[in-house]
Structures are given as structure tokens and as C-alpha cells.
Amino acid sequence: MIEANIKVNEQRKKIHPHKFTLWVALGSIVMMFAGLTSAYIVKRDQPNWTTFSIPRAFWYSTATILVSSVTIQMALKAFKEREMMRYRNLVTLTAVLGVAFVVFQYLGFKTIWNSGVTLKGSGGGQFLYIIAGLHAAHVLGGIIALIVMFIKAFASKVRRYNSIPIELMATYWHFVDLLWIYLFIFFIGIK
Amino acid sequence: MSNEATLHGHAATSHGAEVHHDEHGHHHKETFITKYVFSQDHKMIAKQFLITGMIWAILGGLMSVLFRLQLGYPDAHFPILEDLLGSKWAKGGQIQPEFYYALVTMHGTVLVFFVLTGGLSGTFANFLIPLQLGARDMASPFLNMLSYWFFWLASVVMLSSLFIETGPASGGWTSYPPLSALGDASEGSKTGMDLWIISMALFVVSSLLGGLNYISTILNLRTKGMSMTRMPLTIWALLFTAILGVLSFPVLLSGFILLLFDRHGGTSFYLSDIFIASTNKALPNEGGSAILYQHLFWFLGHPEVYIIILPAMGLVSEVMSVNARKPIFGYMAMVGSMFAIAILAFLVWAHHMFVTGLNPFLGSVFVLLTLLIAVPSAIKVFNWLTTLWKGNIRFTPAMLFAIGFVSMFISGGLTGIFLGNSTLDIQLHDTMFVIAHFHIVMGVSGILGMFAGIYHWYPKMYGRYMNNTLAYIHFWVTLIGAYLIFWPMHYEGLAGMPRRYLDTSGWLSFNQFGGLNRMISTVAMVVFAVQLLFVFNFFYSIFKGRKVITQNPWGATTLEWTAPIRPGHGNWPGEIPEVHRWAYDYAKDGRDFIPQTEPLGSNESAH
């Protein structure tokens, strides 16, 4: 009887509630981008659709965010092994790569804008500004969260062994990475 | 109190290693600010949602009284209106067209979102989920607090839009472009519309934060023994509601973002080939599609009506079982039908768009899917009626409202079958028939369900009872009044009388409804007055109501009645109760009821 109870509780302990909340939140963000990309697809079949060419900066930004996913994963590993110096460096590197990603996105936008695709109209370019812009906002949110987590981890003298915040952070970071890969392929494939 | 503290209840039952499990809530000092304002206690947050929702309900109701005044008495002059509202909105004591549209728009927005979504889900999800599941608090009390304060901010922005010079948004609660996208198109499409979008964006954030919390609390923080199939139906309903909200509100937000860019960025997602008469100007926008907005809007808009009605269904199921002293009939069928409704909610949005030039084949698919909703709805109605059947019914105010809900839900559901047919919709679209349908099935049903919940759980919320006599007056006037208001609108709609029109007296064929319209308006005022009686009863009883002296006044099986009469933060002073049976053991083995906490007897098998 007691054994059975322990089993039930272990099962329920499988996922931390905050992690679960994050997964539901990610589902919610997915719905937002699903809404926008389906609007893009619907709109594409209508008259006056315009396209744009993918700027080189987007390839750089893609590479940057892919690398940042690796660094945050290494940061998580370092934290779990209590190698705090390495953890500190990797988190800083991840944040810097995140900023670099946003800068590359901005440069990409600028290239497209200079090629004559402004906010006037309702073609692929205008959708790109909004969809990729919202994505960049989510990356910025991630960077802010990263900084807050970082400061909190070193603000107190008490040693923290709780890896939940950094695990949450890593999940979110991989998510915005994957989201961008999806969007990038979407913009390349569906013109 | 940190987020981790809420896990204690759980941790305490699962491993004894976390010894700090009894330092929650009642040990730390609470100031006025942390207790009543920036509270992280789910019960206080529930009350904040409830009272904010009630303020909105009064304002939204008052708006309907004002425009009913116009519809009932289009030629009359009410000088007092000019005194109160100024000569811009009520010149010569008559409601001006711009003001009328603003009233209709704000009435819809306020009631749908701020009362029946924020007020209803916000109150009961917050109050009941931890109490009925045996949790100390929500998965994240901090996010929960943020959820209320985003709701509050949304409320402030929306309220402020009532006081600006050009008036609040007035393009209808759906805010269809191009009207909503062009400031030159109408007064209400200027700053009022921007404030509307900002307020709604804040509201979406509030709903998402709340919804995330509700889902992860229900799935992760149930007490020992509380398997999913032992949960009360209220919790199931709130779970499905939260899932619908989390999946559909972001899509609405996408639609609003595109709308904002059309308004201020010069894009033309929704705009094409437009000439504005007021400025005598042709717009350069080309290639946009107003229908795109409607798809994005109704992809939320349709699930939204279930976001409103599902919590009411859950509350009613619980109140009905307790007061019929019988187990709910067909528990698993109730859960299954709510699941079916939640799935279908996402597959029927285009039935709001039958007359937009939608492909007729696509239309017939949506007709089929729409009519399918009748199946789970009918199952639920059948189960409520069979729960009442041969029950030992106690006609408490909550029970009366629950029965009233079922009556309204049947009446309004039947007209849904009319409107779900794309051919009939050609005649009925945008008529008073639609108004009658959704007010009965969603508006009145939703609010009756909410009243059932308030009267039933009031003793748990405030440790006092509401006055029964006032409650009975409130119930009967509301129920009869609601039928008197909305039933005749079916006839007007069948005759073709359009909704949202300021004055239909220009059509000779609608003059026959003059008397009917006056009757509807008069009843609307009486019903509104009775709601004020309820508000009085509510606030008076907080301070002067009869005190609750027994822990379980209704003889209910669920966990919230095992907590102290006035539970502190953390809900149970000692260990969290353990659950051994489902929530509906009424009239079993010769006993009136068996609480969920009672272990199974030797002659019982697990449910």
C-alpha cells in the first residue's frame, strides 16, 4: 500500500510545475505564430502579393542563434557540475550571442527596407517585419530573463543548487531557436 | 512567500525530507498591501477578480439600459441624459448616433471579456482550483497576481477610453476593419480604438498568465489520491476553459497586431480600394483583405463563447448535484462532452462568416461541424435533467440559478440549430434573432451560472451567508425578465429587423414592433435594478450577513468544505487532506453524503 503511494507520487513528481507551465506557454506562443503564418499563406493567394529576397544577414543570424543554443546547453551542464566559472562565462556568451542575433535581424530588415520593401502594402515583406519582429521581441525577452536569472544567481551569498531556473531558461532558448529555424525555412520555402 | 512555498503541500505528502512544509502562509506577517492589494493568495485574487468583474457588469449593464432607452423610445427626449452625459453624447436628451454605437460596442466588449471571461473564470478558477484539488495555492502565485494586475490595467485603459473627447471604440465588439482600421472612418475609430486594442492586448496577457497557471495547477498540484477522474466537474470545466484560452487568445493578439500596423504603420493587411466620404479621399492601400481579420478574430471569437459557458456548466453541475443530494448523472459523459465541445470549438469559427462570400462548400462543412455541437450539448442537458430526476431537491438560491441556467441553455441552444445552417443564416444574419440567441445561450446562461457559483460559494469566500429573500427576488425577476427581454427578439429577427441600428422606425414593416420594443426596454430597466439589489446583498452580507458556523453548510463532499470556515493563506492549517473517493458520493449506502476524504469502507470498491 505504502509502496503504491510512493509510486503514484513519484509519477506526479516527474515534471516540475514551472516547467510544465513553460511548456503550456510555449504552446501558446506557437499558436500566435501559427496564426500569423497561416495569415501569410492565405494572403499569398490573393492579388498584389509581393515578395522579397532573403538577405545574407539572416544566414548569419541563424548560425548565431544555433550556436547560442549550444552554449546555453553547455552552461546548464556546467551548472549541474558546479563549475561556476565556466557557467558564468557560458551564460554571458549566450546573452551576447542573443544580442548579436537581434542585431543581425535588424541588419537583415535594413537590407530589405533599402531594397524598396517598406511597410506600405501587404506582401511577404510586411509580414516578415511583423513576424520576425515579434520573434526578435521574444528573443529580447529571453535575454532580459537570462540577465535577471544571472544577477539573482550571484546576488546572494547563499549557494544555490536549484537548477530549475537555468533549465527553464534553456528550454525557452531552444524554443526561440527552433521557432526561428521554422520561420526561416518558411520564408525561404513559401514565397 | 516564494513560489516554492506552494509546492509544500505537495512535497509534504510525497517526501518527508522537505521538513519546512509547515512554514507556509500563516506564519509570515501580512500587511494591508500584501493581504488586500498585491496579494498572492488565490482566494484574495479570486475576490479581486469578482469585485472588478461586478463593477464592469454594472457599467456594461447600464450601457445596455441607455441604448435600450433609445430603441424603446426613439422619439422621446430625456433632458436628464443631457445633464448627465453632456450635449455631445445626448443632445436634447436624445442619444446621439455616435454615442449609441459606442454604447453597443462597449457593452459587448465589457460583458464578453471583462465580466464573463475575466470576472467568471478569474473568480472561480482562482477560488476553486486549489481549494477543490487540495493545493496550498496555485502553481505560481506570483504569475497569478500578475494576471489580476494585467486585468486591472486592461480595465483602467478601457475605462479611460470612455472619457476621451472622441469617445470609446464604436465599431462593434468585433472591431472589424476597415471601420476599425481607419481613424477617418468614424469618431470612435480614432484614439478610442487604439485604447481598445491596447486594453485588449493587456487583457490577453492577463488571460494567458491565468490560464497557464490554472492548467499546470490542475495537472500537477492535486493532493494525494485526487486522480483526474475524482475531480469535481467544476475543475474539469475550468481546465478545458483554460486550454481553450491559451490556444485561442494568442491568435486574436496576432490579428490585433496586424490591425495596429494597418492603423499606424501604413501596411494594408486588411485594407484595399477604399474611398472615405468624410474626407473625400481615396486611400492608396491595395491588396488587403478584411476577411482575413474575421478569420483571425473568430478563431478566438468562437472558442471565446465556450470560454464563457464551460465554467458556468461546471459550476452548475456541482451546485446541482449538491442540492439534488444525488451523484451527478453520467460523470464520464459530462467530461467527454466537455472535451468534445473544446475540440469542436476550434472547428466552427467560420459559421460567423457565412455571408462574407465564403465558399459554399466550405460553408457546408462548417454547418456540419456546427450542428455536431448539439450532440455534446444535448448530452449535458440530459445529464442535468436526470440529476434532478427524483432528487431530494433543496431550492437554495444557488440551486434556482443552476436550474435557470439549464432552462436558458436549452432555449438558447435550440435557436443555435437555426443559426448554424448557412441557408437560414442568409435571412437571420445580423438580425435581432442573433441577439436573442447569443444573449440567452451565452450571456444570460453564463451570468446565471456565475450567480449560482457566487451564492453557493459565498459562505466559503466570506464566512457569511447572503440574504435569501433578496436572493429569491433577484432570481425570479432575473429569470422572468431575461425571457421577457430576449424571447420577443426572435420574432423581430425573423421579420428581418437588423441588430445595431439606432432607429428602425424608418421601415414601416418594423413599426409593428414599437410596443414590443417599449416593453423590452422597460423590462431591461427593471432587471437592471434587481441586479443592483444583488450588488447590495453582496456587499451588505460581507459585513452583516448571517455567520457561517458549520464547516460544511451545504453537506457537500468536496475538499473546500474540509478547510476552516475562514481559511488562511495555505488553506489547511495542518496536513492537506487525502482523497479516497470521487466527488459525488451522495445518497449512498443509506448516508446523505460521504466526503471525499473518507477512506473506502470494507464493503466498497474504488471508484
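Predicted model: local features only at pLDDT ≥ 70, side-chain atom pairs only at ≥ 80, totals over all residues.
**Chain A**

Select chain A. Its C-alpha trace spans about 70 × 45 × 20 Å along the principal axes. The chain has 6 helices and 0 strands, so colouring by secondary structure shows the order α-α-α-α-α-α from the N terminus on. Of the 191 residues in chain A, 36% are buried. Among contacts in chain A with a separation of 6 or more, 82% are between residues 24 or more positions apart.

**Where chain A touches chain B**

Now show both chains. The contact involves 28 residues of chain A and 35 residues of chain B. On the chain A side, α1 (2-12), α2 (17-44) and α5 (124-155) each supply at least two residues. Select α2(A) next: with 16 residues, α2(A) gives the largest share of that side. By class, the side of chain A that touches chain B holds 13 nonpolar, 12 polar and 3 charged residues.

**Helix α6 of chain B**

Select residues 141-160 of chain B, which form helix α6. Its 20 residues should span 28 Å at 1.5 Å a residue, and the end C-alpha atoms are 29 Å apart, which agrees. Buried residues in α6(B) include Pro141(B), Leu143(B), Met145(B), Tyr148(B), Phe150(B), Phe151(B) and Met158(B).

Follow the chain into the loop between α6 and α7 of chain B, where Pro178(B) is found. A cis peptide bond joins Pro177(B) to Pro178(B), with omega about 5 degrees.

**The largest nonpolar core**

The largest nonpolar core has 232 residues. Select Val316(B), Phe401(B), Ala402(B), Phe405(B) and Ala452(B), the members that touch the most other members. The largest share of this core, 22 residues, comes from α5(B). Centre on Phe401(B): leaving out residues up to four places away in sequence, Phe401(B) touches Leu448(B), Phe451(B), Ala452(B), Tyr455(B) and Phe475(B).

**Two residues with positive phi**

Go to Asn280(B), in the loop between β1 (275-276) and β2 (281-282) of chain B. Phi of Asn280(B) is near 55 degrees, a positive value in a residue other than glycine. Asn280(B) counts as exposed because it has 7 C-beta neighbours inside 10 Å.

The last stop is Lys390(B), in the loop between α12 (374-388) and α13 (397-419) of chain B. Phi of Lys390(B) is near 55 degrees, also positive in a residue other than glycine. With 9 C-beta neighbours inside 10 Å, Lys390(B) counts as exposed.

Key. Residues numbered from 1 in each chain as written. Chains lettered and ligands numbered in written order. Helix = DSSP H or I, 4+ residues; strand = E, 2+ residues; numbered from the N terminus. Expected span 1.5 Å × (residues − 1). Buried ≥ 20, exposed ≤ 12 C-beta atoms within 10 Å, placed from the backbone. Contact = placed C-beta atoms within 7 Å. Nonpolar A, V, L, I, M, F, W, Y, C, P; charged D, E, K, R; others polar. Core = buried A, V, L, I, M, F, W, Y, C linked by C-beta atoms within 7 Å.
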